[in-house]
Amino acid sequence: MPIVPIDRAIVAACQGRAIAFPTDTVPALATRPIDAEVIFDLKQRSHDKPLILMVSDVAELWQFTKGTDRELAIWQSVAARYLPGAVTLVLPATDLIPAVMNPLGTQTIGLRVPAGEIARSILQATGALATTSANLSGQPPLLTMSAISDAFPEVFALQLAADLPSAGQPSTVIAWQQTGWKLLRQGAVDVSDLD
């Protein structure tokens, strides 16, 4: 597909197509959660690598996760500190998360609220999206919309005023475990001082 304006990208996502847009880390390849298989096919991605659910606002996160009141208070404190931003929280998932997003059935989900205005405006219009970096599995992330459009002609890549490369560093991923947080991937944000 050609590079498209934001309104056309939003319509495409709502129709079950894959779209690409910039975030505060690397550009996202995204679909509605129920259409997540499209991403696995496009990227030639192994089903043992779950996708991330991206939402437009921190308040939206809590419907997709479940825990005790104490855990929720801890998660909300961390979210208030780092989100919107380049941190992904891996938390216990509710049944609102389609199984196709995490085919291993680990009953967790990576949740993220990007800081980028463009990404958040798309997510406000589409609702939560299943996301990952825009690249073939095992390859480096593509950093411009034109590179994404060239590599994935079936993806609706967002038209930008200037096709500037993104920061190129993925989000930091932390997972909640019963005793606290575990760093799964060091990315753009240092969380070494987390309790």
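Modeller: Two strands are said to pair if DSSP finds at least two bridges between them, and strands here are DSSP runs (E, at least two residues) numbered from the N terminus. This is a predicted model, in which local features need pLDDT of at least 70 and side-chain atom pairs count only at pLDDT 80 or more, whereas totals for chains, interfaces and linings use all residues. Residues are numbered from 1 along each chain as its sequence is written, and side-chain values use heavy atoms, with hydrogens and water left out.

Biologist: What makes β1 and β7 a pair?

Modeller: Strand β1 (residues 19-21) and β7 are joined in the parallel sense over two bridges, and at least two is what pairing requires. Within this pair, Ile-19 stands opposite Phe-156 in β7.

Biologist: Why is one side of β7 and of β9 left without a neighbour in the sheet?

Modeller: The open sheet has nine strands in the order β7-β1-β2-β6-β3-β5-β4-β8-β9, with mixed pairing. β7 (156-157) and β9 (180-185) stand at its edges and have a single partner strand each, so one side of each lacks a neighbour.

Biologist: Why is Thr-144 called buried?

Modeller: Buried means under 20% relative accessible area (1.4 Å probe, protein chains only); Thr-144 has 16%, and is therefore buried. Thr-144 is found in the loop between β6 (129-133) and α5 (145-151).

Biologist: How do you know that the side chain of Thr-144 makes a polar contact with the side chain of Ser-146?

Modeller: A polar contact is a pair of N or O atoms within 3.5 Å, one able to donate a hydrogen and the other to accept it, and the Thr-144 and Ser-146 side chains make such a contact at 3.3 Å.

Definitions and conventions
Helix = DSSP H or I, 4+ residues; strand = E, 2+ residues; numbered from the N terminus. Buried < 20%, exposed > 50% of the residue type's maximum accessible area, 1.4 Å probe, protein only.
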